[in-house]
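This report describes aromatic ring pairs, salt bridges and a patch of surface charge in a protein model. The sequence and structure come first.

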Amino acid sequence: MAAMANEQEQFESLLASLMSPDNDVRNQSEAAYENIPTATKIQFLVRSFRNAEVPAESRQMAAVLLRRVISTYHDQVWPSLGAESQQWIKVELLNGIQQENTPLVQRRICDAASELARNLVDADGELLWTEILEFLFSCATSENVALKESALHIFNNHPGIFGNRQGHYLEVIKQMLAQCITEQQQLSVRILAAKAIISFMLAQGSDAATQKHFAHLIPPVIQACVESVRVGDDDTLLKSFIELEESVPKLVRPNLETVVVLALNIVEDTNLTDSWRQLGLEMIVTLAETAPAMLRKLPQYIPHIISKMLSMMVDLEEDPDWAMGDDVDDDDADSNAVAGESALDRFACGIGGKTMLPQIKTSIPPMLQNPDWRYRHAALMAISAVGEGCHKQMEAMLGQIVESVLPFLGDQHPRVRYATCNALGQMATDFAQTFERKFHQKVIPGLLAVLDDHDHPRVQAHAGAALVNFSEACPKNLLLPYLDAILTKLEVVLNQKIKELVPTGAKLVLEQMVTTLAAVADTSEETFLQYYDRFMPILKYIVQNANMKELRLLRGKTIECISLIGLAVGREKFSLDGNDVMQLLLKSQVNPNEQEDDDPQVSYMISAWGRMCKILGRDFQQYLPLVMGPTIKTASLKPEVALLDAEEAKTMTEDEGWEFVNLGEQQSFGIKTAGLEDKSTACQMLVCYAKELKEAFAEYTEEVAKIMVPLLKFYFHDMVRYTAAESMPLLLECVKDKGDEYISRMWSYMYPEMIKAVQTEPEVEILQEHMDSLSKCIEFLGSGCLTNEQMQEISKTLIDMLEEHFKRQADRQEKRKDEDYDDDVEENLQDEHQDDAYLLSKVSDVVHAILGTQREAGIPFFEQLLPHVVRLLSIERPWTDRQWGICVFDDVIEYLGPNSFKYQEYFVNPLLQFICDRSAEVRQAAAYGCGVMGKFGGPQYAQACLEAVPRLSAVIADPQSKSRDNLNATENAIAAVTKILQHNNSKLNLEELLPVWLSWLPVTEDKEEAVHVYSFLCDLIESNNPIILGVNNSNLPNLLAILAESFSSDALCEDENVLHRCIHIVKQIQSNNELWAACATQLATEHQQALFDALKMLEL
């Protein structure tokens, strides 16, 4: 016992050392703590927080560490402790809560108890610690405030504590929470009760019935929020309420006006700290993002809301040195001005331009005329902020906006000039190309003038940044007339800033000018050739001499600029200077073992090598051994992650680079985001190498695949997953010369993770790329690449997707019945529908890939999908469903041929019906299906072909058939009749149909289908078909005109063989001088020229 007591004392001393301010002491203590076996550690920790003689700080630390041990090691350690030890721990936790007199220690023991309870809910939802429920109810009804708070704290931490018995206790839970939230004496109890109610609501997920059952508790929760604001000690309740708005906004609806008024009162109260006022903004913005239609029902508050956001944006301090600063840091990131601007941006995107812009039009003009610079600055930043959310509405009045903004490029205050550059740059991006086309004559000279503002480098640099935005979106032909003026100005500024660099160390403008030069070169492309020799020496000088650590960013941007100029001017010009540049870049290459994690040169260098690869093509292979090291290292970067409780997350968020996602039940998942963009860039460059070098990249594919395949589920960064998916078919293509066995091994490694990525991807845009990648891999690998089990797995995955598709459509229909439904909601629903339709096209692509490569082996795969595909064909479904449903059956007919006839009961009637559908896209899919039915279906489809021809003819004969919207569908219909006439004509009268068919030609737009049409025409002409040639060759001028149209429209660009057949027919007619002369006189001049040009091609 004495030894045991001594060990306990030593442990309690160790606890104190863990909190030592001395790093060495603390590190030694942490190492000693980690070496203690976990089961022993638990015993020590429990005894420590239960020992009243241990200092409160150490008792608190013991409880915190116990919670962490339970959270991390429960499954490994708890079962091995034995029933007696387990019971002892449970009892000590509950006794500790009851007997602890220090509130903070008591709360930490509650945390440990709730964590243990969370881990003691089994797979069936049964809580294996029933005593804690009795304890919970007992404490909640106790007169002891501390115990009441403890019960609420445990429930707030773990609202799922009742497990599968929740339904049984539901009324008791409601009574307990209702009693605590209406407790009149203790505000702390009411606030904890409000948090517990919110946590319970959030824990219900999509269980709307339970949430509704507790909805009457929302008004007292709001009142508790009011009181917590009044006291101002703890903002966690308000943050919890914002989570409720985000997850279950409908619960707020009956009290929406009260919530909006509360939020506005918080924002308006200048006695509150900035962080509190910004939370008030967040309450409103969150509603605008999650329930905009609901908020639009309170139009009387919208002007007031916007006014408050603009007022926050005016909250700026005069800083005479601001515009002269050389380091652009984020010191003001938490300021009211930045918070107001961000809120305005998000509010506009959420509430919609139709609601937002009228208020902006009213508010901004007076601010622009205000003598106080802060108002002018705020007005201009507001124009930048609302562009995305008000895009459609602002586009119509862009001229008026630009005219009102441009004069402020000459404002007397530098920060207003800065804001003007910001507004112009943002509009150049938000209204890309439209803005550039309409306003280049005023915007470019205006920004160039600000580049002369040498006294205010921050403004000067921002003008350069705006010019980047403008150049990137500007059509080349519009930028070229200004090229000399832009580059002359950049050259002057660059030379001046290089001279200033050594004596002043000022680099902000120089960095920006290099970036601006790169953007201008990128857009001007080969026209930059004449300026190449003026700038390349300057850039090389910077790279050679900017060797100090503080100049790494400048050096990196210059490397980027050199590579973009090389890409712009092309290999021939770049190669003249190329050896020097390549050696310079190779010398700049950072050794992967020596590079610092925060070295900004790395990502620029990696991107530069990607561009060099595009310039040099296969010749870049020689540099791979030098560049792959840093690229691989950066692509392999593993981000630092952490699973923390809310308190720990709060302290770590203050560390730069950490971002947290709330997981509910007081837990947060954190990731250190530093380096993720570099990782993404490196992955993109690996894709670039694979795409450009193909087999020359083969020796690296195995290593790259081992990096990329796990990244298919790298949920920390969307672009990394997108790039990983993009790489899969490219890597397979790189190793095509390594033999079937090698390719098969690589595919076996890729496939399991690819299908899992499809099944679990949360973002629609990335899911589309995963599916595209899967389709491309299957098409590349061909027949036999999929086992029956794999095809079954893919079919199940697609079935799940189709069922989700139907569910989302039903959900959208329900939303149209919602009390808050309006035009803006419908617009969002249409956007969701478009995403769904595109996803459906990717489902069709996967089916196409499998049936196209596996043929009859794919029949079981298709038969599993069949009921869901048939469901797409229902006439009540959206036209996009019918379109892609028909496309699937088109593939069934094309790739299964006569074997497809056993499914004809499902698709023939819809196929015939949809030939005349109102949607051109559906008509096109149906027409294509009729064509493949004629070509591949065999004689059993003869009757269906007979029935299809009159319908197809009606589509072609329609007066609007050649309109832009209808042309593709019409030409598919012509091609369909062509295939039927050529391959399945047993029930047709060719003598009657061929003259009509000929009258439909030419076909010029659909290049793929044009091949079938002109191939058949060649067959008929070459066989001297009398119907086509006409009596005494009377149709020849018409036939030559048709062929001339095909040549001039480049209709046969996809099939050289058919093109040459057509030209040979023309040459044959030309060989008969008399016949040729007779025909030529009947041809239009442009047709004659097209024929002559085609004949010259034959000579070449």
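Phe137, Phe155, Phe162, Tyr169, Phe200 and Phe214 are joined into a cluster by ring pairs. Rings of Phe, Tyr and Trp (its six-membered ring) pair if their centres lie within 6.5 Å; planes under 30 degrees apart count as stacked, over 60 as edge-to-face and the rest as tilted. The structure is a predicted model, in which local features need pLDDT of at least 70 and side-chain atom pairs count only at pLDDT 80 or more, while totals for chains, interfaces and linings use all residues. Residues are numbered from 1 along each chain as its sequence is written, and side-chain values use heavy atoms, with hydrogens and water left out.

**Aromatic pairs**

The ring rule gives a count of 28 aromatic pairs. Phe155 and Phe162 form an edge-to-face pair, because their ring centres are 6.0 Å apart and their planes stand at 65°. Buried means under 20% relative accessible area, exposed over 50%, and partly exposed in between (1.4 Å probe, protein chains only). Phe155 is buried at 0% relative accessibility, and Phe162 is buried at 1%.

Trp747 and Tyr751 make a tilted aromatic pair, with 5.6 Å from centre to centre and 55° between the planes. About one helical turn separates Trp747 and Tyr751, because they are four residues apart in helix H38 (residues 740-760). Helices are DSSP runs (H or I, at least four residues), numbered from the N terminus. Trp747 has a relative accessible area of 4% and counts as buried; Tyr751, with 3%, is also buried.

**Salt bridges**

A salt bridge is a side-chain nitrogen of Lys or Arg within 4 Å of a carboxyl oxygen of Asp or Glu. The count by this rule is 54 salt bridges. The table lists some of them.

| Residues | N to O distance |
|---|---|
| Arg230 and Glu227 | 3.9 Å |
| Arg611 and Glu560 | 3.9 Å |
| Arg571 and Asp619 | 2.0 Å |

Arg230 and Glu227 sit three residues apart in helix H12 (residues 218-231), about one turn of the helix. Arg230 is exposed, with 60% relative accessibility, whereas Glu227 is buried at 14%.

Arg611 forms a salt bridge with Glu560. This pair links distant parts of the chain, 51 residues apart, with Arg611 in helix H32 (residues 601-616) and Glu560 in helix H30 (residues 552-569). Arg611 is buried at 15% relative accessibility, and Glu560 is buried at 18%.

The side chains of Arg571 and Asp619 also meet in a salt bridge. Here too the pair links distant parts of the chain: Arg571 is in helix H31 (residues 571-588) and Asp619 in the loop between H32 and helix H33 (624-635), 48 residues apart. Arg571 is partly exposed, with a relative accessible area of 39%. Asp619 is partly exposed at 37%.

Salt bridges also link Lys250, Arg253, Asp818, Glu819 and Asp820 in a network.

**A patch of negative charge**

On the surface, Asp274, Asp315, Glu317, Glu318, Asp319 and Asp321 gather in a patch of negative charge. Patches are made of residues with over 30% relative accessible area and no salt bridge, with like charges joined within 9 Å. Asp319 lies in the loop between helix H17 (302-313) and helix H18 (336-351). With 35% relative accessibility, Asp319 counts as partly exposed.

Note on methods:
Patches are made of residues with over 30% relative accessible area and no salt bridge: like charges are joined within 9 Å, nonpolar side chains (Val, Leu, Ile, Met, Phe, Trp, Tyr) within 5 Å. Accessible areas come from the Shrake-Rupley method with a 1.4 Å probe; for residues, only the protein chains shown count as cover. Lys and Arg count as positive and Asp and Glu as negative; His and the chain ends are not counted. The place of a charge is taken as NZ of Lys, CZ of Arg, CG of Asp or CD of Glu. Helices (H or I, at least four residues) and strands (E, at least two) are DSSP runs, numbered from the N terminus.
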